[in-house]
Amino acid sequence: MCCYSNKTVAFLMLFIILTFFVGCYKIYEHHMPTAVDMSFQQRQKIPLRAGLYMSEDFLHYSYEWEVEFGKHVFPIGAILQNGSKDMIKAAFQDMIIVLSPEEANTKRVDVVISPSVETVILPYELKMRAYQDAGIFIKWMISDIEGNPIWVETIEGNSHLEKERLYQTREELMDKSLQLAIENQFQKSFQKIVSSNWWASIKE
Amino acid sequence: MKRILLFLIMVIFLSGCATIQLPELTVKPASQYRLSQNKEGLVISVDPFLEKKRVEELFGTDLLSKGILPVLVVVENNSNSSTFYLQKEQSSLEMAEGESETGIASAGRSLTYQRPDKATTTLFYVSPLIVAGIWQSFENEREAITKNMIKNELRERTLNPGESQHGLIYFRLTDKTRVEDIAAVNLKVLNIQSKENILFSFTVE
């Protein structure tokens with residue numbers, strides 16, 4: 001050690017640390033399910049023809065979560081898209097997809113429904129936990145064919161998943177937890193939409 | 001030297017275990033706030049968190065110094081038949097003296113900038129998720145602060161007669177703006193039946 005000055009040692013250490021951390025940055029691409037694993041029970045459907053409009057942002061929504069030395073990417077657009085279709089189909093007498101809010105006029109729908117993701121929550125600190133909490137907020141806007149809002153609600157879906165099996169990886173736990181939060185959100189949204197009588201005046 | 005090194009390692013290690021306890025947001029009935037207005041039976045009150053100490057108590061950090069102004073909004077629909085929709089993303093702050101850029105941000109989307117006209121600067125609402133990326137802090141603390149901000153955020157919804165809601169709207173302050181220069185908080189509400197917008201403008205003293 002007598003051959004090296006303190007400055008040289010400090011530079012060497014800094015170089016080693018930097019090399020180590022740069023090499024550690026990793027992107028975790030998650031493979032999320034593309035459909036919801038649930039069913040919607042409704043005895044009497046809302047007697048309207050609904051146009052479901054999903055923006056490009058919503059269709060391709062990907063949640064990116066920065067963590068120490070990397071980030072997790074959760075592509076949840078497909079599950080949101082399919083879950084929305086299933087839910088609106090179950091709630092309304094008739095449902096079609098509209099590619100733009102303006103298209104509602106030509107497709108003779110009664111209302112246009114447009115969902116948007118407000119927030120996704122995953123905890124920052126995972127290492128010492130034996131469970132995984134997740135949350136998602138989706139805003140549902142129902143408008144008339146002229147684009148005037150009729151009913152708006154922001155619904156939170158959440159999950160609390162215990163680490164059931166020791167061999168379950170952290171990534172699997174996160175995926176499952178987020179999937180359950182999304183499904184919980186759809187279940188709550190479905191109940192909110194069908195239990196309210198917001199649509200009564202439209203058929204008059 | 002060894003002792004200092006050991007101490008540093010201990011500090012780094014233990015700081016990862018630290019968690020902060022944040023208090024619950026307490027809310028009074030809308031009529032009990034100083035900045036309160038009633039239009040068409042809809043009562044809206046606002047309470048801007050202008051004092052550093054108050055912000056730190058609720059959020060565990062000084063959001064103001066990070067360019068974020070939280071404003072508590074309490075809404076009560078006391079009308080007989082009207083349904084209202086407070087459009088959070090249309091909310092703005094009016095400044096006493098004009099500046100240049102403003103930004104509106106919402107979760108998962110990028111900032112879009114626009115220039116205000118004349119001598120007023122309009123500062124728009126900002127999502128807590130974007131706020132979370134603004135500063136670097138320890139992970140536990142960041143998690144607690146972000147979750148607390150998200151939990152207390154005002155959620156967009158239609159309010160039927162007899163219903164109420166409350167929550168915080170987060171405004172982004174630009175580098176050039178000071179809290180003391182905020183002249184008014186503006187909120188836009190849509191009457192669902194009449195399809196007319198109602199502007200609630202609260203002068204901040």
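Which residue in strand 5 of chain A is the bridge partner of Tyr53(A)? The bridge partner is Val98(A).

## Basis of the model

This is a predicted model, in which local features need pLDDT of at least 70 and side-chain atom pairs count only at pLDDT 80 or more, while totals for chains, interfaces and linings use all residues. Residues are numbered from 1 along each chain as its sequence is written, chains are lettered from A and ligands numbered from 1 in the order in which they are written, and side-chain values use heavy atoms, with hydrogens and water left out.

## Confidence

The model scores ipTM 0.82 and pTM 0.81. The term pLDDT denotes the predictor's confidence in each residue, from 0 to 100. Chain A has an average pLDDT of 86, and 86% of its residues score at least 70. Helices (H or I, at least four residues) and strands (E, at least two) are DSSP runs, numbered from the N terminus. Among the elements of chain A, the lowest mean pLDDT, 74, belongs to helix 1 (residues 6-24) of chain A, and the highest, 97, to helix 3 (residues 77-91) of chain A.

For chain B the average pLDDT is 77, with 69% of the residues scoring at least 70. Among the elements of chain B, strand 4 (residues 84-86) of chain B has the highest mean pLDDT (98) and strand 7 (residues 112-114) of chain B the lowest (26). Over residues 99-122 of chain B, pLDDT stays under 50; for this stretch the model has 66 contacts beyond four places in sequence, a contact being heavy atoms within 4.5 Å. Where pLDDT is low, the predicted coordinates should not be read in detail.

## Strand pairing in chain A

Two strands pair if DSSP finds at least two bridges between them. Strand 2 (residues 46-53) of chain A runs parallel to strand 5 (residues 92-98) of chain A, and six bridges join them. Strand 2 of chain A also pairs with strand 6 (residues 111-121) of chain A, again in the parallel sense, over three bridges. In this second pairing, Ala50(A) stands opposite Val111(A) of strand 6 of chain A.

## The sheet of chain B and its helix

Chain B contains an open sheet of four strands in the order 1-2-3-10, with antiparallel pairing. Strand 1 (35-39) and strand 10 of chain B stand at the edges with a single partner strand each, so one side of each is left without a neighbour in the sheet. On average, neighbouring strands of this sheet are turned by 20° against each other, direction ignored. Strand 1 of chain B is joined to strand 2 (residues 42-48) of chain B by five bridges, and Gln37(B) has Ile44(B) as its bridge partner in strand 2 of chain B.

Helix 2 (residues 52-59) of chain B lies across strand 2, strand 3 (68-77) and strand 10 of chain B, and runs at about 115° to strand 10 of chain B. Such axes are lines fitted to C-alpha atoms, for helices over the stretch in contact, and angles run from 0 to 180 degrees between N-to-C directions. Within helix 2 of chain B, Val55(B), Leu58(B) and Phe59(B) are buried (buried means under 20% relative accessible area, exposed over 50%, partly exposed in between, with a 1.4 Å probe and protein chains only). Seen down the axis of helix 2 of chain B, the buried residues fall within an arc of 80°, so they line one face of the helix; the arc is that of the directions from the helix axis to the C-beta atoms. Gly60(B), whose phi is positive, near 75°, follows helix 2 of chain B.

## Aromatic pairs

A search of the whole structure finds eight aromatic pairs over all chains. The rings of Phe40(A) and Phe190(A) have centres 5.1 Å apart and planes at 50°, so this pair is tilted. Rings of Phe, Tyr and Trp (its six-membered ring) pair if their centres lie within 6.5 Å; planes under 30 degrees apart count as stacked, over 60 as edge-to-face and the rest as tilted. Phe40(A) lies in the loop between strand 1 (26-29) and strand 2 of chain A, and Phe190(A) in helix 5 (residues 170-195) of chain A, so the pair ties together parts that are 150 residues apart in sequence. Phe40(A) counts as buried because its relative accessibility is 12%, and Phe190(A) is buried at 0%.

In chain B, the rings of Phe49(B) and Phe59(B) have their centres 6.3 Å apart and their planes at 70°, so the pair is edge-to-face. Both Phe49(B) and Phe59(B) are buried.
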